[in-house]
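I opened this entry to record what I looked up in the structure. My notes follow in the order of the look-ups.

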Amino acid sequence: MTGRLALPILAAAVALAAAPSAQAPTSAVDSYATAVRTYVATGDTVKALTPIQAWAKPEFERAIDALIARRDQALIEAAAVLQVEIAVGVVMLSPRSAGTHLELGEKLIRSLRALPGPGPEAEFSEKWYAVAASAFLMVNDSRLASSFISRGLQLAPGSLDLRLMNGIVDDLEALSLNPDDSKTGVQRQRIATARTQAFLRARDRYARLVKDAPSFARARVRLGRVLWMIGQAEEARIELLRAQADARDPVQQYLSAMFLGALYEQEGDAALARAWYEEALSLAPASQAATVALGHLDVMVDRPDRARALARGLLSQKPVLDEWWTYNGGLETASLEWLRRRVRR
């Protein structure tokens with residue numbers, strides 16, 4: 001299943017924000033419903049959208065309003081997921097168009113609350129808003145990300161993932177502030193202070209999450225990492241070791257091992273750093289980050305032969321997504337996969 005769009009579809013979607021309205025077929029809702037059903041049946045966003053690729057925003061609006069009027073919960077949920085797929089596919093090229101598709105998807109999400117019966121699970125709204133917000137984090141638009149996080153929490157106030165994303169927004173703000181880019185001492189101090197404050201906000205959010213949900217490994221890993229970033233190495237070590245011991249998700253085990261390796265490397269303990277990087281590599285054998293970290297240690301002790309062997313081992317494997325590179329500002333892929341499974345069940 002793909003969340004990316006082929007170039008013709010991509011160009012059509014980007015045009016939504018500004019293009020004049022094309023002539024919609026009289027059965028626009030049927031065309032859109034067919035697109036949604038094709039997406040559900042095949043998981044192929046491009047194939048689903050090809051028949052309606054010339055549509056502009058007004059056509060989508062009319063079709064979605066008519067689809068909502070049908071009061072078919074399964075179809076509305078699938079349409080909301082299709083809209084978020086489109087947004088993910090175009091956000092790098094046009095955040096504005098991504099926002100348009102997400103606004104339409106949000107209309108679908110909110111319409112579900114008016115349906116008779118139990119309505120949608122809170123988890124569905126939670127996952128949808130998490131993906132929507134993360135799409136904007138991918139392009140460093142923390143303002144729009146925060147807006148979707150806030151609205152998602154209105155529908156799913158107990159969401160651990162959305163609360164975590166508020167901390168990620170603070171994390172990203174801190175990382176975007178580099179005192180070394182300043183030209184004067186006063187500017188450096190001001191930026192350094194703002195950076196520390198953003199990290200502290202992230203720390204406090206993660207700490208509250210850990211207190212409320214001690215088994216939420218994602219929050220504990222992030223708490224450990226931000227403690228390390230603000231110079232609280234011992235506190236960071238405690239949290240990361242706890243996360244490593246308690247986590248059941250291999251991704252969180254991998255990330256905590258990487259951060260522990262980096263922490264010990266910074267402290268000059270090459271043996272422990274190596275041990276944790278090796279642990280990370282055992283958890284994610286195709287990890288570029290762990291391979292590079294171990295290779296760096298090898299070069300430092302004059303063992304370039306081992307570094308080359310590691311590199312050859314990595315190159316012999318099929319490339320996979322390395323969670324290290326998407327730790328901050330990456331797409332909430334787990335939530336997107338949950339939504340895909342939900343509408344294709």
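I began just after helix α13, where I found G268 with a positive phi of about 85 degrees. The model is a predicted one, and I read each value below as computed from it.

I then turned to α13 itself. The helix covers residues 250-266. I asked whether its end-to-end distance agrees with its number of residues. At 1.5 Å a residue, its 17 residues should span 24 Å, and because the end C-alpha atoms lie 24 Å apart, the two agree. At its N-terminal end I noted a cap from D249, with a side-chain oxygen 3.0 Å from the backbone nitrogen of V251. Is α13 mostly covered or mostly uncovered? I recorded it as mostly covered, with 13 of its 17 residues buried.

Next I examined a helix pair. Two packed helices are described by the angle between their axes and the distance between the axes. For α5 (residues 73-90) and α17 (residues 333-343), I noted axes that come within 10 Å and cross at roughly 145 degrees.

Finally, I looked up the totals. The protein has 17 helices and zero strands. Of its 345 residues, 50% count as buried. Among contacts with a separation of 6 or more, I noted that 70% come from residues 24 or more positions apart.

Definitions and conventions:
Residues are numbered from 1 along each chain as its sequence is written. This is a predicted model: local features need pLDDT of at least 70, side-chain atom pairs count only at pLDDT 80 or more; totals for chains, interfaces and linings use all residues. Side-chain values use heavy atoms; hydrogens and water are left out. Axes are lines fitted to C-alpha atoms, for helices over the stretch in contact, and angles run from 0 to 180 degrees between N-to-C directions. Helices (H or I, at least four residues) and strands (E, at least two) are DSSP runs, numbered from the N terminus. The expected span of a helix is 1.5 Å times one less than its number of residues. Buried means under 20% relative accessible area, exposed over 50%, partly exposed in between (1.4 Å probe, protein chains only). A polar contact is a pair of N or O atoms within 3.5 Å; within protein, one must be able to donate a hydrogen and the other to accept it, and residues adjacent in sequence count only if both atoms are side-chain atoms. Contact means heavy atoms within 4.5 Å.
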